[in-house]
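Here are a few friendly notes to read alongside the structure. Take them one point at a time, and find each element in the viewer as you go.

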Amino acid sequence: MGRQHGGVTVTIARTLNAACEALAADPEALVLAGGTDLMVEINRGGRTVDDVVVIDRVPELQGWHREGDMLRLGATLTYAEMADPAFASLVPALAQAARTVGSPQIRAAGTIGGNLATASPAGDTLPVLAALDAEVEIRSHQGHRTVPLDEFVIGVKANALAPGELIAAIRVPVLDGPQEFLKVGPRNAMVISVASMALVVDRVGRTVRVGLGSVAPVPLRAIEAEVMIAARLDWAGGRSPTIHDVERFAELVADATRPIDDHRGSADYRRRSIEVLARRALIRAFGEPTP
Amino acid sequence: MTGPYGLTVNGHRHEIADGWVGESLLFVLRERLGLPGSKNACEEGECGSCTVRLDDQLVCSCLVLAAAAADRSVTTVEGLSASHEADGLLSDVQQAFVDAGAVQCGFCTPGLLMAVDDLLNHYPDPDDLTVREAISGNLCRCTGYGRILDAVDRAASARREAQT
């Protein structure tokens, strides 16, 4: 077990079982992975620290591997690992999102499980995971359960983990089709997104899926836009969508947003940004529109 | 208060006792181990002035819970010149920063030295984009980066020459 720190215990788990046991013994303990969100709060004095279970040395939670048509991403997979070319070739939008997070120092430490558990509306991987219909594998001493992404992120910085539970892995599909991640912020590096969007195409299932970030308390999908564009695309011939279709798609994606005014941007700016991103993403995926 | 845990810093083993559990690695380095080279500025991972190497990863030490880094190996800016300590020399990267005039107020310098050292460990002959990306997590408000980029060139050349 962990070291006693004057009534506070820091447990450095070396196996998934050990992490689950520590959480079973102390269900309110903080689960710590990369620390890049948690430490900011602690440094600001905004958070008192009680018991901590450190999971960054648990082999079962590290790395990623392919299981048929799915990838299993360990909870402590870092942004730097997601930006790796081998990973990027399988889930390009997730790699693109990972590359936009923080600095190299942040990307070396921050994890996908941490991004999900923090559940910030601006979390950069969240719109991608929404577009991919990701599944979250949750573990506890009692066993495991799998929750779809839209049931995992339940509000601003709120997730579906019960006391004693942790994220073990995230499952995403490997799809045949272009993917894009785009985000808007005040500058090009180290920026928290003001609005973000993921576009994922499944050529086999003939679907287009759109995930939106920073424009609602939780990541959103733009279902009407998805259905509309999937019906208009020339799946067999590969002809680009028409200008009219692109404009209608962008409008419907923007209609799906539920943005607020805050210190990073106004609701109007966010809606407008998403409209521009939607048009851009569709054109990047399918080519310049035909008249 | 935290119980004792070990940290290896610049090759030396330290026991940390009686710390507060929320202490960052940066705080422990500066306030408990007397290593003030790593600077404390933003405490939220924006500025990079606290950059250290933790095992083989470049990280912001302000965002590492010190007790969670127990038994891991840390290299700080003080460790960069360690192999030259006996002859009083600077490391190749440090010397390049001096030669290029890449230091003004100096606050960002330790973090940049760590970032550039790590860059050259991975890419002996980095192109301009790779250099800019590698130092994108280190803010300098004095230089405008021109002489820092010059220093990276000088350090890369010096290291390649030393290895041939």
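1. Let's begin with a hairpin: β7(A) and β8(A) form one, with 2 residues between them. Keep in mind as you look that this is a predicted model. The two strands run antiparallel and are joined by 6 bridges. To see the pairing for yourself, find E135(A), which stands opposite P148(A) in β8(A).

2. Now look at how well β8(A) is covered. How many of its 6 residues are buried? The count is 0, so to speak a strand that is hardly covered.

3. β7(A) and β8(A) sit in an open sheet of 5 strands in chain A, whose order is β5-β6-β11-β7-β8, with antiparallel pairing. Which strands are at the edges? They are β5 (64–67) and β8 (143–148) of chain A, each of which pairs on one side only. From one strand to the next, the twist averages 25°. As background, strands of a sheet pair through backbone hydrogen bonds, and the pairing can be parallel or antiparallel.

4. β5(A) runs antiparallel to strand β6 (residues 70–74) of chain A, and 4 bridges join the two. One pair to look for is W64(A) with its bridge partner in β6(A), L73(A). A helix also packs on the sheet: α1 (residues 16–25) of chain A touches β7 (135–140) and β11 (166–173) of chain A. The direction of α1 makes about 70° with that of β7(A).

5. Finally, turn to where the two chains meet. The contact takes 26 residues from chain A and 27 residues from chain B. On the side of chain B that touches chain A, strand β4 (residues 57–60) of chain B gives the most, with 4 residues. By class, that side of chain B has 14 nonpolar, 10 polar and 3 charged residues.

Technical notes
Residues are numbered from 1 along each chain as its sequence is written. Chains are lettered from A and ligands numbered from 1 in the order in which they are written. This is a predicted model: local features need pLDDT of at least 70, side-chain atom pairs count only at pLDDT 80 or more; totals for chains, interfaces and linings use all residues. Two strands pair if DSSP finds at least two bridges between them. Axes are lines fitted to C-alpha atoms, for helices over the stretch in contact, and angles run from 0 to 180 degrees between N-to-C directions. Two residues are in contact if their C-beta atoms, placed from the backbone, lie within 7 Å. Ala, Val, Leu, Ile, Met, Phe, Trp, Tyr, Cys and Pro count as nonpolar, Asp, Glu, Lys and Arg as charged, and the others, Gly among them, as polar. A residue is buried if 20 or more other C-beta atoms lie within 10 Å of its own, exposed if 12 or fewer, and partly exposed in between; C-beta atoms are placed from the backbone.
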